[in-house]
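This briefing is meant to be read beside the sequence and the 3D view. Please keep both open and look up each residue as it comes up.

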Amino acid sequence: MITREENVLLTDTTVGSPMGEMIRSHWIPFACETELPAPDEPPQRIKLLGEDLLVFRDSDGRLGMIDEFCPHRRASLFYGRNEEAGIRCIYHGWKFDINGSCVDMPSEPSSSSFRDTMTIKSYPVQEFASLGWVYMGSALPAPELPKFEWMGHPASHRHMSRWQQECNFVQAMEGELDEAHVAFLHRRLDNPQVSDESLFGSYFQQGAPRWKILETDFGLACGARRQVQNEKPFFWRVDMYLMPFYTMISPSDDQNSRVWRAWIPRDNESCWTICVTWRTDGPPDAMELGLWQDGVVAHRRVIPGTTIPMENKSNDYGLDRNAQRNHSFTGIHGIRAQDAVVTESCGPIVDRSLERLASSDTSIVAMRNLMLRAARGMVAGKLPRTSAGGNVYQVQTYSGLHDDMTDFDQMPHVLDIMGIQGINEEQVE
Ligand code: FES
Ligand SMILES: [Fe+2]
């Protein structure tokens with residue numbers, strides 16, 4: 001049970017809020033490299049944690065992120081001129097570089113030193129692992145960039161995309177870590193490929209998995225155990241929540257096909273999703289790549305030229321009642337659109353004080369508790385381990401069949417495969 005006050009603490013990421021400051025202590029991915037502007041191209045708007053910002057690349061190829069609004073009389077610099085190593089406001093010509101320094105103020109007398117005192121809010125930006133990253137924190141120097149397992153594989157093994165989701169970032173992650181929903185929300189009524197013998201098929205054999213949650217130095221390893229028809233009848237899937245807003249969902253039948261997602265607050269009522277899918281054993285074949293690119297599995301198809309998903313609230317997510325009767329549990333096309341309809345339809349910030357949680361929500365409760373603790377820790381001046389970035393994120397999910405009921409965290413070889421080293425004393429379960 002969560003109170004209304006805790007719900008605010010959990011979901012508010014605006015400047016000065018405990019959760020917002022906790023997140024700002026980390027590097028934040030904000031775009032795929034293919035979306036980033038070229039030198040002197042028009043600036044791009046990006047909203048992050050409630051802040052209206054502009055991304056631009058200057059004439060020297062350096063990427064920067066600054067406040068959208070000119071400090072003079074607040075005109076939007078989106079309409080500005082990106083020229084000769086800076087953005088020039090079209091109202092009175094003030095010009096700012098990527099570091100936020102005012103480098104020209106032609107509307108003031110040349111004798112004035114006012115320009116030297118003038119700055120615009122700016123944040124350090126890095127390009128790393130085919131993503132644009134920004135550091136919005138106050139501690140300097142900025143921490144190390146995070147090193148995820150997928151970054152060690154060649155770019156040819158992966159596909160990445162970004163889209164917008166119309167709900168608070170915590171709500172979106174709750175949908176992600178909700179292992180029990182798979183057996184219902186994503187059920188096909190007509191798909192012979194999902195046989196009961198496949199591991200994916202086993203989700204449908206047992207709708208109520210047994211949970212085991214392990215708290216680690218990066219966040220949570222959320223294990224769900226199902227009983228399946230196999231000579232090794234205990235099927236573990238261990239998904240991960242990595243502070244402050246990452247999830248990795250374990251593979252089903254194909255161990256080499258993996259997924260990572262970042263759920264970045266856009267504002268309190270919407271978030272960005274950046275999704276990376278990759279293969280650990282080589283480039284995907286044409287069929288798998290096609291599925292990723294089409295946004296049918298793992299990714300989300302968007303209206304071309306935008307980050308707005310095709311199936312969205314304005315068109316009832318393309319709900320087809322005939323398909324719902326005959327083909328799928330939802331009648332909605334695409335796994336990610338199915339996830340979006342349930343996480344968005346309860347409103348952009350669900351009132352968690354009204355929920356009636358059950359055992360299937362174990363991982364969600366654990367994630368909320370951990371996040372609340374991190375936000376309260378921030379108020380007390382304590383940063384989570386992940387804010388230092390680096391190799392704390394060098395872990396991977398796990399799924400596998402076992403012949404006895406031992407919990408996944410009691411099997412050293414499983415922890416080894418996952419790369420889990422730092423286990424917190426304080427267990428969450
Ligand atoms: S408002 Fe930008 S220069 Fe005046
Ligand atoms: Fe889902």
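Leaving out neighbours within four places in sequence, His-157 is in contact with Thr-277, Trp-278, Arg-279, Asp-281, Gly-282, Pro-283, Pro-284 and Trp-292, where contact means heavy atoms within 4.5 Å. The model is predicted, and local features need pLDDT of at least 70, side-chain atom pairs count only at pLDDT 80 or more, while totals for chains, interfaces and linings use all residues. Residues are numbered from 1 along each chain as its sequence is written, chains are lettered from A and ligands numbered from 1 in the order in which they are written, and side-chain values use heavy atoms, with hydrogens and water left out.

- His-157 sits in the loop between strand E11 (131-135) and strand E12 (158-165); helices (H or I, at least four residues) and strands (E, at least two) are DSSP runs, numbered from the N terminus.
- With a relative accessibility of 11%, His-157 counts as buried; buried means under 20% relative accessible area, exposed over 50% and partly exposed in between, using a 1.4 Å probe and protein chains only.
- The loop between E11 and E12 also holds Pro-141, and a cis peptide bond with omega of about 0° joins Leu-140 and Pro-141.

**The iron site**
- The iron ion (ligand 2) is coordinated at 2.0 to 2.7 Å by His-181 (NE2), His-186 (NE2), Asp-339 (OD) and Asp-339 (OD); donors are N, O and S atoms within 2.8 Å of the metal (3.2 Å for Na, K and Ca), and because water is not among the atoms, sites may look incomplete.
- Along the chain, the donors of the iron ion (ligand 2) follow the spacing H-x4-H-x152-D.
- His-186 lies in the loop between helix H5 (182-185) and helix H6 (199-205), and Asp-339 lies in helix H9 (residues 335-345), so the pair ties together parts that are 153 residues apart in sequence.
- Both His-186 and Asp-339 are buried.

**Backbone details**
- Another cis peptide bond, with omega near -5°, runs from Met-243 to Pro-244, and Pro-244 is in the loop between strand E15 (234-242) and strand E16 (246-249).
- Glu-84 is not a glycine, although its phi is positive at about 40°, and Glu-84 counts as exposed because its relative accessibility is 65%.
- Tyr-317, likewise a residue other than glycine, has a positive phi near 60°, but Tyr-317 is buried, with a relative accessible area of 5%.
- The place of Tyr-317 is in the loop between helix H7 (286-294) and helix H8 (321-326).
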